Amino acid sequence: MIPLPLARIAEITSGALTGMADPRAVVRGPVVIDSRAVEPGSLFVAIKGARVDGHDYAAQAIRAGAVAVLATRPVEGPAVIVPDAAAALAELATAQAAALPGVTVIGVTGSAGKTSTKDLLARLTARVGPTIAPVGSFNNELGHPLTVLRADLDTRFMVLELAARNIGHIKDLTRIAPPQIGVVLNVGTAHLGVFGGKEAIAKAKGELVEALPRTGVAVLNADDPLVRAMASRTDARVTFFGRGESASIRAEGVTVDARGRASFTLRTPSGSAPVSLQLYGEHAVDNALAAAAAGYELGLPVATIAAELSQATPLSRWRMEVTDRADGVTVVNDAYNANPDSMRAAFAAFEVLGRGRRRFAVIAALRELGEEGPALNAELGRLAGGSGLAGLIVAGPDAGPVLEGARAAAAQAQAAAQAALDAQAAAHAAAGGPQAPVPHQDPPQGWHGPSPDQGWHGPAQDQGWHGPSPEQGVPPQGWQAPPAGGPVPGHPPVGGPPMGAAPYGGAPAGPHPGGPVAGAPPGGGAAYPAQAMRIVHVPDAEAAAAELAGWLRPGDAVLVKGPRAMGLERTAELVLGGAAQ
Ligand SMILES: Nc1ncnc2c1ncn2[C@@H]1O[C@H](COP(=O)(O)OP(=O)(O)OP(=O)(O)O)[C@@H](O)[C@H]1O
Ligand SMILES: [Mg+2]
């Protein structure tokens, strides 16, 4: 930051010095709200949160070297007292940004991909000059000014992430460090509940381009109609990025490798260059294009942009982090956060990455979706249930709609698969040939029923593993009960399937080579019933990991994704900590 004496800080914030604060004492930064991050020369801003009150840590901050505390009441030690610490923080950041006219400010907003895009773009601007970008997702009324305050006279670029939790939020953030370039990625359904509709979300996100000066540039996603329409809301010139011909910065010939990483030709008005992303998921193409478009407007050569994008690896944690265990189990940790759009993107990427392998997913009910929450969560369940997984774990509260959606889609998929198997068997029988091996999916080994705390209690309930319930999917025709001990379709045993037995409606879980097995239907039906997806509800991230541990075999793939509050990265970390069983 630009060094500021306490007297100047008091002036900017209309504050009063207390605690024998020396008006000449100089704050050199960093400005922090976490007392553990204090360094000699810091200003500690005491924020009163829901659980923790920063004022309680004032003395500790001073001991650690803070020059003073920005506080709303006197504390032990030198302080600048203001009526509202967050507002004072914003005032300080505003003054700081105004004192740095040589800095180009780039704002990035959108429902999904802000952090990923910000990381890519900061990589590009760093090629031109010293760049400040937020750590992780610092994008709100606290994180934003804290980031701006890190800039100093050497800084040439600030790449800022702007989040809106309501109308007016982005407008407020743009007042702190007025952007010259505004990037809008997409208008999705994140925080739908707070806004009450996609149009309102578009209105809020568009505040970024409304704040741009005539000399600025709005970088808009041509493929998102609500973003495209923002062109009429800005005085700045507009550059479109996207997949289609109408975008001046576009990706052509997008291909995705077996791990779900995209390659494409980056086309710009002044040339093109090949890009091979190391980031997972096709949605990374859109983020890369957004960063490329902003980089292009800053005058970076296309070859440099393409090279930097191709070298970028995920910088911020838990966003499509793909890790292979020694035993070949691949864990996709996308647990940073989730909304309906990023869930779809993650499942699409996972399908590619896990092709030909047994796939499992750990998800949780999405939040902050307002009235549409249950419907959107049921849709999430249908997405998961219809995506060909061998097993699904839904963790945490409010899982009902997700489970119902998943169960319905899984039953439907199973019925369709069964019909295909039956048709195949009938065709073979009609041709008079020997019974051909019927493709089947390996059921997970080591199935041992639900973990004790899940309360498995049959298909009619919302919790616990449950095969297709009678209403949702009749056990396949011709399928006989599995060998001794297996549950009888329609009459699952209380307490769940016994060790090693088939889940209700599913195939035997024991070893089952391609040949005929006990329990195979007589008289030319399919050799196997189509595999049922195992669906389990668990209370939390730890229980999800414990459940998964019993399911995974070498070579499997797991997707872990849920809303921030569920902390599902813990599941991924636990799964990565152990070897497959
Ligand atoms: N363009 C995109 N479209 C859909 N999903 C995306 C896109 N980019 C990233 N994602 C996914 O969305 C999630 C969040 O990504 P990221 O952190 O980059 O977004 P964000 O907008 O910063 O989110 P937040 O609002 O939580 O800060 C990740 O799971 C990521 O894989
Ligand atoms: Mg973010």
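Modeller: Two strands count as paired if DSSP finds at least two bridges between them. This is a predicted model, and in it strand β6 (residues 68-71) and strand β7 (residues 79-81) are joined by three bridges. The two strands run parallel. Within this pair, the residue of β7 that stands opposite A71 is I81.

β6 and β7 belong to an open sheet of five strands. Read across, the order is β2-β7-β6-β5-β4, and the pairing is mixed. In general, strands of a sheet pair through backbone hydrogen bonds, either parallel or antiparallel. The edges are taken by β2 (16-18) and β4 (31-32). Each of these has a single partner strand, so one side of β2 and one side of β4 are left without a neighbour in the sheet.

Two helices lie across the sheet. Helix α1 (residues 6-13) lies across β2, β5 (43-45), β6 and β7, and its direction makes an angle of about 15° with β7. Helix α3 (residues 85-98) lies across β4, β5 and β6. The angle between α3 and β6 is about 115°.

In the loop between β2 and β3 sits M20, a residue that is not a glycine and yet has a positive phi of about 55°. The loop between β3 (26-27) and β4 holds P30. The peptide bond that joins G29 and P30 is cis, with omega at about 0°.

Helix α16 (residues 541-551) packs with helix α17 (residues 569-577) at an angle of about 35°, and their axes are 8 Å apart. The contact is made by A541, E542, A544, A545 and L548 on the α16 side and by R570, T571, L574 and V575 on the α17 side. Six of the contact residues are nonpolar, one is polar and two are charged. The crossing of α16 and α17 is right-handed.

Around ligand 1 there are 20 residues, of which S116, S137, R319, D334 and K561 come nearest. A polar side-chain atom of S116 is 2.5 Å from an oxygen atom of ligand 1. For E161, an N or O atom in the side chain is 3.1 Å from an oxygen atom of the ligand. N337 places a polar side-chain atom 3.2 Å from an oxygen atom of ligand 1.

Notes: Residues numbered from 1 in each chain as written. Chains lettered and ligands numbered in written order. Predicted model: local features only at pLDDT ≥ 70, side-chain atom pairs only at ≥ 80, totals over all residues. Heavy atoms only, no water. Axes fitted to C-alpha atoms, helices over the stretch in contact; angles between N-to-C directions. Helix = DSSP H or I, 4+ residues; strand = E, 2+ residues; numbered from the N terminus. Left-handed = near helix turned anticlockwise from the far one by under 90°. Contact = heavy atoms within 4.5 Å. Nonpolar A, V, L, I, M, F, W, Y, C, P; charged D, E, K, R; others polar. Near = heavy atom within 4 Å. Polar contact = N/O pair within 3.5 Å; in protein donor to acceptor, adjacent residues only side chain to side chain.
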